[in-house]
Amino acid sequence: MNLFQKQRPSIQPEQLQQIKAWVQDCLGLDPDIAISISQLQCHEPDCPPLETVISVMFQPPKIFKVHLPASDINLADLQAALQQSNSCCQE
């Protein structure tokens with residue numbers, strides 16, 4: 001038993017690709033712009049234990065947080081996170 005290893009639910013490849021496609025569509029990104037998605041433990045008050053962090057590799061990079069595990073994110077959740085960051089996201 002390793003007391004120092006924390007287990008996090010992994011992001012399914014299909015869900016990862018879906019979130020990336022939504023980000024590209026919502027922000028009108030060129031396919032060459034990299035998007036990084038990771039799940040992190042959230043330590044902020046009133047935050048669920050796991051959040052998804054989406055980094056769009058602009059210069060400088062833009063970071064969006066969705067206070068849900070990646071497996072629970074839907075398009076409306078993503079749109080809300082992008083709009084909170086003053087980014088336009090339309091269906």
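Gln15 counts as buried in this predicted model, because its relative accessibility of 18% falls under the 20% cut-off. The residue is found in helix 1. Leaving out residues up to four places away in sequence, Gln15 touches Ala70, Ser71 and Ile73. Across the protein, which has 91 residues, buried residues make up 31%.

The protein contains two helices and three strands. Along the sequence these elements follow the pattern α-β-β-β-α. Helix 1 spans residues 13–27 and helix 2 spans residues 75–84. Strand 1 covers residues 35–41, while strand 2 covers 50–56 and strand 3 covers 62–66. Of the contacts in the protein with a separation of 6 or more, 36% are between residues 24 or more positions apart.

The mean pLDDT of the protein is 84. A value of 70 or more is reached by 84% of the residues. Among the elements, helix 1 has the highest mean pLDDT, at 94, and helix 2 has the lowest, at 91.

The two helices were examined as a pair. The axes of helix 1 and helix 2 come within 11 Å and cross at roughly 50°. The crossing of helix 1 past helix 2 is right-handed. On the side of helix 1, the contact involves Ile19, Trp22, Val23, Cys26 and Leu27; these meet Leu75, Leu78, Gln79 and Leu82 in helix 2. The residues of this contact comprise eight nonpolar, one polar and no charged.

The loop between strand 2 and strand 3 holds Pro60 and also Phe58. A cis peptide bond joins Gln59 and Pro60, with omega at about -5°. Most peptide bonds, by contrast, are trans. Phe58 counts as partly exposed because its relative accessibility is 29%, a value between the limits of 20% for buried and 50% for exposed. Neighbours within four places in sequence aside, Phe58 is in contact with Leu29 and Ile33. The C-alpha atoms of Phe58 and Ala34 are separated by 8.2 Å, and the two residues are 24 residues apart along the chain.

Ala34 itself lies in the loop between helix 1 and strand 1. With a relative accessibility of 43%, Ala34 is likewise counted as partly exposed. When neighbours within four places in sequence are left aside, Ala34 is in contact with Ser55, Val56 and Met57.

Strand 1 was considered through one of its residues, Leu40. Leu40 has a relative accessible area of 35% and is therefore partly exposed. In sequence, Leu40 and Pro69 are 29 residues apart; in space, the distance from C-alpha to C-alpha is 8.7 Å.

Notes
Residues numbered from 1 in each chain as written. Predicted model: local features only at pLDDT ≥ 70, side-chain atom pairs only at ≥ 80, totals over all residues. Heavy atoms only, no water. Axes fitted to C-alpha atoms, helices over the stretch in contact; angles between N-to-C directions. Helix = DSSP H or I, 4+ residues; strand = E, 2+ residues; numbered from the N terminus. Left-handed = near helix turned anticlockwise from the far one by under 90°. Contact = heavy atoms within 4.5 Å. Nonpolar A, V, L, I, M, F, W, Y, C, P; charged D, E, K, R; others polar. pLDDT = per-residue confidence, 0-100. Buried < 20%, exposed > 50% of the residue type's maximum accessible area, 1.4 Å probe, protein only.
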